[in-house]
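Me: Hi! I'd like to talk through this one with you, a few spots at a time.

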Amino acid sequence: MGPHGVEEKSMLEILVKCNPADLTTFRKNSPYIFLDDEYCFEKWDPFHMKSLEIKFLHFQRAVIQRTMHPWERDALLVRKSLEEKPPLYNLLIELACTRTSDEFLGARKAFQCLYSESVEEFVAVKVQGFQRRLLVALVSTYRYEGMRINEAAIKLECQKLARAIKTDHRNKIENDDEVLRILTTRSKHHLKTIHKCYKEDYDSNLEEDLDDIQILRDTVNCLCAPPIYFDTAMSICPAEQEMEALTRVIVTRTDVDMKDIAAEFDRKYGAPLIERIEAAALGNYRDFLVALVKSGMAN
C-alpha cells in the first residue's frame, strides 16, 4: 500500500492547467482508475474513487481530532474500540490506562452526554468472560495519582504476580482476583515500582512473561511504560488501521510524552519517527503530523 494522504499542492498545479482534452487523455491513459462504459465514456472505478476520498480524509480527520476537546475525542474512541470488528481491546486499555484519572473521568462524563449510557455498562454489554472483568474494572477505577507507595505491599504483590504467571500461567492469571486487583486499583507509580522489583527478582520483564496474554501485556505497558506501548501500537496494526493508530498517537500525545515516544521509536526501530511519517504520508497530512511531532519533541 502506498503513502497515505495527497500531495495537494502538486495536484492543484496540474489540475488547474488541464483543459478538457488533457483530462480526456488522462482518463483514457489510466485504465486502472477509469473504466470504459458501454455508453462511450470513462467512468471512475468505484474502488479507486473511494480510495482517493479516504486519502483526502486523513488530513481532515487529524485536524478534527487535534481540535476536539480531549474528553469528547476519548469518548468517541471508547465507542470505536468495541464497535470495530474485531474489537480493539488495546485501544480501550490505552484510553483507560494512559490518561490521568481526571482525564478519563472527563471522557466517561462525555460518553454519558453523547450516548446516554455509562462507559461501564457499554463495556459490560459488549465484552464477555475474563476480558469483561478486566476491562470493566479498568474503565471504572479512579487511581491515586500521587507518588506515595505502599512499601510493604510491593514485594508481596510482585510475588503474587510471579506466582500467578509461573503456575498454570493463563488459567491461573485469568482467574486470580489478586492479579485483577493489583492491575486495576494500584497507582501507576506503585505499579512501576512492582515492575522494577519483578525485573530485579526474576531477571525478566513483567510484560514479556505475559507475552501470550496480549490484553494483560497491553495493560502493563500502558500503565508502566507508555512509550513502549505507543511505539508498538503505531507499528503492528493491519494496513487499514496503521494510519489511524499513527494519527491517534501523534495527535493525543504531542502535549504529553512525545519526546519519550520518539526516543523509544528511534531506539527500537533504528530510525526517527519523523522519517516513518514522511515515508507513510503525503501533503498536508504528512506536514501536519511532522509539525506535531517536532512541537512535542521541543516541549
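Me: Where is the place of Ala153?
Reply: Ala153 has its place in helix α9, which covers residues 151-166. Helices here are DSSP runs of H or I with at least four residues, strands are runs of E with at least two, and both are numbered from the N terminus.

Me: Buried or exposed?
Reply: Ala153 is buried, at a relative accessible area of 10%. Buried means under 20% relative accessible area, exposed means over 50% and partly exposed lies in between, using a 1.4 Å probe and protein chains only.

Me: Before I go on, what sort of model is this?
Reply: It's a predicted model, where local features need pLDDT of at least 70, side-chain atom pairs count only at pLDDT 80 or more, and totals for chains, interfaces and linings use all residues. Residues are numbered from 1 along each chain as its sequence is written, and side-chain values use heavy atoms, with hydrogens and water left out.

Me: Thanks! Which residues does Ala153 touch, not counting those up to four places away in sequence?
Reply: Arg186 and His190. Contact means heavy atoms within 4.5 Å. The C-alpha atoms of Ala153 and His190 are separated by 9.3 Å, and the two residues are 37 apart along the chain.

Me: Let's zoom out. How many helices and strands are in the chain?
Reply: The chain has 19 helices and 4 strands. Its C-alpha atoms fill a box of roughly 80 × 40 × 35 Å, taken along the principal axes. Of the 299 residues, 45% are buried.

Me: And how many of the contacts join residues at least 24 apart?
Reply: 69%, counting contacts between residues at least 6 apart in sequence.

Me: Now α8. What should its 12 residues span?
Reply: Helix α8 (residues 129-140) should span 16 Å at 1.5 Å a residue, and its end C-alpha atoms are 17 Å apart, which agrees. The expected span is 1.5 Å times one less than the number of residues.

Me: Which residues in α8 are buried?
Reply: Phe130, Leu134, Leu135, Leu138 and Val139. They cover an arc of only 145° around the axis, which puts them on the same side of α8. That arc is the one made by the directions from the helix axis to the C-beta atoms.

Me: At what angle do α5 and α8 pack?
Reply: About 30°, with the axes of α5 and α8 9 Å apart. Axes are lines fitted to C-alpha atoms, for helices over the stretch in contact, and angles run from 0 to 180 degrees between N-to-C directions. The two helices are therefore roughly parallel to each other; under 35 degrees counts as roughly parallel, over 145 as roughly antiparallel, 65 to 115 as roughly perpendicular and the rest as oblique.

Me: Left-handed or right-handed crossing?
Reply: Left-handed, meaning that the near helix is turned anticlockwise from the far one by less than a right angle; clockwise would be right-handed. Tyr89, Leu92, Ile93, Ala96 and Cys97 of α5 meet Gln131, Leu135, Leu138 and Val139 of α8.

Me: Next, what do the buried residues of α6 pack against?
Reply: They pack against α4 (70-83), α5 (89-98), α7 (119-126) and α8. The buried set in α6 is Ser101, Phe104, Gly106, Ala107, Arg108, Ala110 and Phe111. Just after α6, Ser116 takes a positive phi of about 55°.

Me: Which helix is Thr98 found in?
Reply: Thr98 is in α5, where it is buried with a relative accessible area of 9%. Leaving out residues up to four places away in sequence, Thr98 touches Ile93, Lys188, Cys222, Phe230 and Arg253. Thr98 and Cys222 are 124 residues apart in sequence, yet their C-alpha atoms are 5.6 Å apart in space.

Me: Last one: why is α15 largely enclosed by the rest of the structure?
Reply: Because 6 of the 8 residues of α15 (residues 226-233) are buried. Those are Pro226, Pro227, Tyr229, Phe230, Asp231 and Ala233.
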